[in-house]
Structures are given as C-alpha cells and as structure tokens.
Amino acid sequence: MNLSIKEKVYGAIFGYAIGDALGLGAEFMTRQEIKKRYPEGLRHYSQIVRDAHRSQWKRGEWTNDTEIILMLLESIAETKTIDCIDFASRLKKWYLSNPTDITHNLRWVLSQEDFTKNPFESTKRVWEKMKSFDSTSECIGRALFTGMWNDNYERHAIDMCRLTHPQSRCETSCLVMATMSHSLFWNNEESSYDDLMALAKRNNQDVVRYIEIARHGSLNDFKLDDEETFWFVRKAMGAALWCLWHCDSPYEAMYAVIDQGGDADTNAALATGLLGLKFGFSALEASGPKGIINPERLRRTADALIEVLSERANAESN
C-alpha cells in the first residue's frame, strides 16, 4: 500500500494521540476491572470514568505519552534534524512546568542539574542508583517516529532511548520498533519477522520472546495487566507488533489493547500510531472516537514534520 507522506505522518501522530487519550480510561486496570467498568467495551471518550486518577484530564485529552512525542517532533521540525540536546532541553522545560503525570524514574532523570548539558552521562549516573526493573515504557513511542528518519535511524532510535532509558532491553525494543517504522514509512512494507528476530538476538535475548509471542501467540499471552510487569518496554513493543500482524485497522488494534488494561494509554498509543502509519490517516477518519482535544496542535506538528521529511525524501530521489 503506497500511501503519501501526509497519510503516514497524520496517521501515526493522530493514531498515537487518539490511542493515548482513550487508553487513559483503562490505564492501571486489570481486564476484570475493565469488564466491570466498561461492560460494552471502552470505545468513546465520554465513557471514561471520572475517578481520582482520570479526573486529572478532560475526556479526550492526551497524557504525557503524546506530550513527549510532540516535543520531540517539534524539535525535529525546528532543528531539521534529530538533536538530543535540543530535545533534552524541551524535556527539562516540561518537567519544570510540573506536568500532571510523570513517572518516578523520569522525574529523577529530568531533575538532574546537568541533564540539559550532558544528558547521557547524567542519565547513566541516575540509572546506576536505580534498580533496572524500575524502567517504564514511555521511551518506546520515540522509536516509532525516529524510525521515520531516512538515515542513521538505528543510531537515532538508540540515542533517543538512552537519553532517559540507558538499558539494553529498552534500547533493543526501541531499535525493533524503529526498524519496523522505517520500513513502513520508506519502503511501504513491513520488516520481516526473521529480520526483527535476528536484530533482537544480536542485541538482547530478553526481547526475542516478545517478538515470538507477537507473531505466534495471543494478546493475552503478554499479560499486559500484570501489576508487576505492565510497564515493561518490551511488552509495549510486542503488543504493537501483535496488532500489526493480527489486526486489520488502527481501531481494531486500539480496542484490543485497551481491553487488556495495564499501561493501556502507552500501549494503545503505540499500537494505534503504528497501524495509523501502516493504514494511513484515512483509516482513522473512517470511524472511531470523536472529540480529541486540541487537534490543531496535532495538525501543526504533522504539517511541520511533513515538510522536513518531504525535503529529505526529495533529496534522496535527486
């Protein structure tokens, strides 16, 4: 399916935000809780329950997952490159604004005085003090969009992960996601299962099992609502790949992931964004929840990114 750059970029950005905003309604819930709260399934923003957690946002409003992605894309649009220092400065400014939701380990990373000048060294120092299982999955979304870069996307994907998550499992998961994104964006085809498996085996064996489940297992096999592991980066990666290989539309993917609970906003954002990239923005317009808040910012960001990527595509063809 040869989609235009606009279809792909709009599909990925709007898919990511839509999945994030609706997934919030099931975030941190088990599958049983979701069935109780949403017996007909969570399909519209108006259904989102107003408990202590979810009442921090308006219905249809995205969370920190999309906000961080928009900061990255705005950085790319303005610098016309992938600049880790510029993005680190934007993250720091966002952190100082006291955002509604920010994970413990990301708060610790961004609180360091030298983060904007020496982010990799600063973050490594913090992680040496943290236990490795404290990593959370907010880094994986960056890989979906760094994969759209035409050259050195592997290095950019790893660098953008290392900026906050300098851990082999996280870096490998991001590399796998960026590889799939790059192939969909530039080659109009999926990366092969064998290529992704080989990539994971070369970099981190722990990631291999999640790609295997994505291809040959069920979504239930990921146990996305397990309270001890729902934040695994490789779970978000695996669930998104499962949706790519087993779902026929962005919304089928989004609803399937949301019904699983756990880190539902992150998982739904990644899955819907990935399938939005594959099927295009038109597939998102056809149906699905209406009322995403601030779509104008999504359009502005998408248009600015399209301009940069189009310039690079034209340069490639000349």
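Modeller: Let us start with lysine 8, which lies over the face of phenylalanine 185, 5.3 Å from the ring centre. Before we go on: this is a predicted model, where local features need pLDDT of at least 70 and side-chain atom pairs count only at pLDDT 80 or more, while totals for chains, interfaces and linings use all residues. Residues are numbered from 1 along each chain as its sequence is written, and side-chain values use heavy atoms, with hydrogens and water left out.

Biologist: What makes lysine 8 lie "over the face" of phenylalanine 185?

Modeller: A charge sits over a ring if NZ of Lys or CZ of Arg is within 6 Å of the ring centre and within 35 degrees of the ring normal. The distance for lysine 8 is 5.3 Å. Lysine 6 lies over the face of tyrosine 10, also at 5.3 Å from the ring centre.

Biologist: Why is the pair of tyrosine 16 and phenylalanine 145 called edge-to-face?

Modeller: Rings of Phe, Tyr and Trp (its six-membered ring) pair if their centres lie within 6.5 Å; planes under 30 degrees apart count as stacked, over 60 as edge-to-face and the rest as tilted. Here the centres are 5.8 Å apart and the planes stand at 70°, so the pair is edge-to-face. Tyrosine 16 is in helix H1 and phenylalanine 145 in helix H7 (residues 140–146), 129 residues apart. Helices (H or I, at least four residues) and strands (E, at least two) are DSSP runs, numbered from the N terminus.

Biologist: How do you know whether tyrosine 16 is buried or exposed?

Modeller: Buried means under 20% relative accessible area, exposed over 50%, and partly exposed in between (1.4 Å probe, protein chains only). Tyrosine 16 has 2%, so it counts as buried. Phenylalanine 145, with 4%, is buried as well.

Biologist: How many aromatic pairs are there in the whole structure?

Modeller: A search finds ten. One of them joins phenylalanine 14 and phenylalanine 281, with 5.1 Å between centres and 55° between planes, and this pair is tilted. Both of these residues are buried. Tyr10, Phe14 and Phe281 form one aromatic cluster.

Biologist: What makes arginine 90 and glutamate 78 a salt bridge?

Modeller: The term asks for a side-chain nitrogen of Lys or Arg within 4 Å of a carboxyl oxygen of Asp or Glu. Their N to O distance is 3.0 Å. Arginine 90 lies in helix H4 (residues 84–96) and glutamate 78 in helix H3, so the bridge ties together parts twelve residues apart in sequence. Glutamate 78 has 58% relative accessibility, so it counts as exposed.

Biologist: Why is H9 called roughly parallel to H14?

Modeller: Angles under 35 degrees count as roughly parallel, over 145 as roughly antiparallel, 65 to 115 as roughly perpendicular and the rest as oblique. Axes are lines fitted to C-alpha atoms, for helices over the stretch in contact, and angles run from 0 to 180 degrees between N-to-C directions. Helix H9 (residues 168–187) and helix H14 (residues 264–279) pack at about 25°, with their axes 9 Å apart. That makes H9 roughly parallel to H14.
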